[in-house]
Amino acid sequence: MRLSRLVLDEFRNFSHEELSPAREGVTLLRGANGQGKTNILEAISVVATLESFRGADSSAMIRQFQPSARIGAELLGERDHLVDIEVVLTSARTRAFRNGNLLKRNGDIVGEIRAVAFFPDDLDLIKAGPAVRRRFLDDGLIAISPRFGPIRSAFERAARQRARLLKQVGGHLTNDLELALDVWDDRVADTGSRLVAHRENLCGLLIEPVNDIYQRLSGESGTVSISYTRSWEGELLDALVQSRREDVRAGIPQLGPQRDDLAICLANRPARSCSSQGEQRCLALALRLGIHRVASEGGLDTVGLGPRSDFAPNGDPPILLLDDVFSELDPIRSAALAESLPAGQVFISAAGEIPSSLKPAVALTVSSGRIDR
Amino acid sequence: MAAYAEPVQQLIDEMSRLPGIGPKSAQRIAFHLLKVPREEALRLARAVNEAIERITMCRTCFNVSEGDVCVVCSDSGRDRTVVCVVEDPKDLVAIERTGEFRGTYHVLQGVISPIDGIGPDQVRARELLARLEPEGIAEVIVATNPNLEGEATAMYLARLLRPLGVVVTRIASGLPVGGDLEYADELTLGRALVGRRELSG
Ligand SMILES: [Zn+2]
C-alpha cells in the first residue's frame with residue numbers, strides 16, 4: 001500500500017488541510033520550526049500504528065478547544081485498489097475505520113501501511129537509558145510485522161500482573177503466594193521468552209544493514225556492533241524462580257525482558273561514552289534506516305513472525321519519516337544521506353538548508369498550520 | 001444548563017452504571033422508557049425486580065439459581081464425577097448449548113487478576129476444593145477463557161487440585177486466543193470440550 005492522500009481535521013495545529021504525497025520518492029515538507037511539519041509526520045505514524053512516534057497521547061493531538069481530531073488516509077494498493085482509513089481521536093479513545101466501517105479492534109488497521117520514523121530525539125537511542133532502546137527494537141518489530149503487537153502486549157500484561165502481585169504481598173513469601181507466583185512466573189516466562197527471541201533475532205538482522213548504512217553516511221570504516229543484553233542468565237522461568245525471594249523482598253521484579261538492554265558499540269567501544277555527537281547522530285540514523293531496510297527486504301521468517309506476504313502482499317517498503325534530519329547532520333553526511341535514501345515513500349521535514357543532491361518528487365511548504373504546494 | 005427533573009436524572013444515572021452503556025446511551029434509553037406505553041416500561045421494572053428477588057446463587061456451584069440448588073445440580077441424571085469450571089454463568093450456558101457435557105459445573109465468578117485485585121480467595125477456588133471429596137469428583141475440566149488471566153487461572157487450579165489426586169484437564173485450543181467463550185459457536189466449543197487435554201505444568 002502507498003499513501004496517496006492525507007487529510008487532517010482539527011489535528012494539532014491544522015484545522016483542515018490535505019496533501020497528496022509522491023507515490024515514490026521524497027515528499028519534502030519545508031517551513032520554519034513550529035509550523036506543523038512534524039505534526040504531519042506524526043499523523044502518518046498514527047495511521048500506521050495508532051500511536052504517535054513522539055509518544056503523545058491522543059488529547060495532545062487534538063487542536064485546542066476541539067472535541068476530536070480526525071486523520072483520513074487514502075491508501076493505494078495494486079491495480080489501483082483503494083482503501084480509506086480514518087482515525088478519530090478523542091481524549092477518551094481512538095477509533096479506527098476502514099472504508100467507512102468502524103473496526104471492532106483498532107489493531108486491525110495496524111499494518112495496512114507500515115512506517116519507520118527518525119526524529120531529533122533519536123540521539124537518545126545512544127545517550128539515554130535502556131527503555132528507549134527496548135522501545136526501538138519493539139517499534140522496529142512492529143514496523144516489520146504487525147503480528148509482533150500482540151506478542152508485546154501479552155508480555156506487558158503478564159509482567160504487570162506479576163509486578164502487581166509482588167507489590168501486594170508486602171514482602172512475605174507464604175505457601176499461597178508461592179502457588180500464585182508459580183502461575184505468573186510461568187506466564188511471564190512464556191510470553192517474555194517469545195518477546196526476547198524476536199528482539200534478539202532482530203538484533204542479528206540489523207548488524208549488516210546498520211554497518212553498511214553507517215559507513216555510507218559517515219565515510220568511516222568503524223565497525224558497529226549491536227548485541228542484546230539480557231538481564232538474566234539461562235532459561236527465563238528458572239531465573240524468575242531463583243530471584244523470587246529477592247523480588248518479594250524488594251516488591252519489584254529484579255530481572256526480565258523489561259530490564260534488558262541493547263549494547264551498541266562503535267569500534268569496540270560503547271557508543272554512549274566514546275563517540276562524538278556527530279558520530280552518535282549518524283549511528284542513531286543508521287539504526288532507524290537499518291530497521292527500514294530489514295522491513296523492506298523481508299527477512300521476517302528469520303524474525304519468526306511469519307512470511308512477509310501475509311501482511312505486505314504488494315511488497316511496498318514502509319514509509320520512511322525523517323524529521324528535521326538535515327539540521328542534525330553536517331553537510332557531508334547530509335549529502336551522503338540524500339544520495340542513499342531507500343526506495344519507497346520518504347517524507348522529509350526541513351527547516352533550513354537541504355543538500356543539493358536531494359531531489360524531492362513533491363515539495364510542500366508548511367506555514368502556520370497551512371500546507372501549500 | 002437546564003437540569004432534568006430529579007427522577008429522570010436518577011434513571012439516567014442508574015442506566016449509565018450498566019456495563020457497556022455510556023452517558024449518551026443512558027440518556028437515550030431513559031427517554032425511550034419514558035416514551036413507550038407505560039405497561040412496557042413497567043414490564044422491564046418488574047423483570048428486574050423478579051430476577052433480583054427470586055434468583056440467588058447455587059450454594060454448590062455458584063451458578064445463578066432460583067433456589068438453594070440450581071437446575072444443573074438438582075438434575076439427578078448428571079455425572080457427578082466430572083466438573084466443568086467456568087468464569088461466569090454465561091459461559092455455563094454456552095457449554096450447555098453444545099450438548100457435549102453431562103457433568104456438573106463450578107462457576108468461579110471471575111478469574112485471577114492481581115491488577116484488578118482478584119486473587120485465589122476472590123474466585124471460588126476453595127469452594128471447589130471442598131467439593132472434591134464429598135462429591136467423589138475424578139476430573140475437573142477448566143473452561144476459562146483462552147486469554148492471559150484464563151490460562152493463569154487454569155494453571156493455578158491444576159497446581160492446587162492435582163496433589164489431591166484429581167485429573168485436571170483444559171479445553172482444547174482452537175478457540176481464538178484472547179477470544180471469549182460465550183461468543184464461540186457451539187460446534188467449535190463442543191470440539192474444544194471433547195478434545196480437552198490434561199494440564200501439565
Ligand atoms: Zn449448582
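An angle between two helices runs from 0 to 180 degrees between their N-to-C directions, and the axes are lines fitted to C-alpha atoms over the stretch in contact. Helix 5 of chain A and helix 11 of chain A, for example, pack at an angle of about 130°. The structure described here is a predicted model. The predictor assigns the complex an ipTM of 0.79 and a pTM of 0.86.

**Confidence in chain B**

- Chain B has a mean pLDDT of 90, with 96% of its residues at 70 or more.
- Within chain B, confidence is highest in strand 4 (residues 103–107), at a mean of 97.
- Confidence is lowest in helix 7 (residues 186–194) of chain B, where the mean is 86.
- Where pLDDT is low, predicted coordinates should not be read in detail.

**Contact between the chains**

- The contact between the two chains involves 16 residues of chain A and 13 residues of chain B.
- On the side of chain A that touches chain B, helix 4 (148–168) and helix 5 (175–218) of chain A each supply at least two residues.
- By class, the residues on that side of chain A are seven nonpolar, two polar and seven charged.

**The six-stranded sheet of chain A**

- Chain A has an open sheet of six strands in the order 8-12-13-3-14-15, and the pairing is mixed.
- At the edges are strand 8 (115–118) and strand 15 (370–372) of chain A, each of which pairs on one side only.
- From one strand to the next, the twist averages 20°.
- Strand 12 (residues 319–323) and strand 13 (residues 345–350) of chain A run parallel and are joined by four bridges.
- Asp323(A) has Ser349(A), in strand 13 of chain A, as its bridge partner.
- Helix 9 (residues 277–296) of chain A lies across strand 8 and strand 12 of chain A, at about 170° to strand 8 of chain A.

**The three-stranded sheet of chain A**

- An open sheet of three strands in chain A has the order 9-10-11, with antiparallel pairing.
- Strand 9 (224–229) and strand 11 (269–270) of chain A each have a single partner strand, so one side of each has no neighbour in the sheet.
- Strand 9 of chain A is joined by six bridges to strand 10 (residues 261–266) of chain A, and the two run antiparallel.
- Opposite Val224(A) stands Leu266(A), in strand 10 of chain A.
- Helix 5 of chain A lies across strand 9 and strand 10 of chain A, running at about 165° to strand 9 of chain A.

**Helix 5 and helix 11 of chain A**

- The axes of helix 5 of chain A and helix 11 (residues 331–339) of chain A are 7 Å apart, and the packing angle is about 130°.
- Helix 5 of chain A is therefore oblique to helix 11 of chain A.
- Arg216(A), Leu217(A) and Ser218(A) in helix 5 of chain A meet Arg333(A), Ala336(A) and Leu337(A) in helix 11 of chain A.
- The residues of this contact are three nonpolar, one polar and two charged.

**Layout of chain B**

- Chain B contains seven helices and seven strands.
- Starting from the N terminus, the elements of chain B follow the order α-α-α-β-β-β-α-β-α-β-α-β-α-β.
- Chain B is divided into domain 1 (6–54) and domain 2 (76–198).
- The C-alpha centres of domain 1 and domain 2 of chain B are 34 Å apart.
- The C-alpha trace of chain B spans about 65 × 35 × 35 Å along its principal axes.

**Helix 4 and helix 7 of chain B**

- Helix 4 (residues 89–98) of chain B packs against helix 7 of chain B at an angle of about 90°, with the axes 8 Å apart.
- Helix 4 and helix 7 of chain B are therefore roughly perpendicular to each other.
- In this contact, Ala94(B), Ile95(B), Arg97(B) and Thr98(B) of helix 4 of chain B meet Glu186(B), Leu189(B), Gly190(B) and Leu193(B) of helix 7 of chain B.
- By class, the contact has four nonpolar, two polar and two charged residues.

How values were computed:
Residues numbered from 1 in each chain as written. Chains lettered and ligands numbered in written order. Predicted model: local features only at pLDDT ≥ 70, side-chain atom pairs only at ≥ 80, totals over all residues. Domains from an automatic or database assignment. pLDDT = per-residue confidence, 0-100. Parallel < 35°, antiparallel > 145°, perpendicular 65-115°, else oblique. Contact = placed C-beta atoms within 7 Å. Nonpolar A, V, L, I, M, F, W, Y, C, P; charged D, E, K, R; others polar. Pairing = 2+ DSSP bridges.
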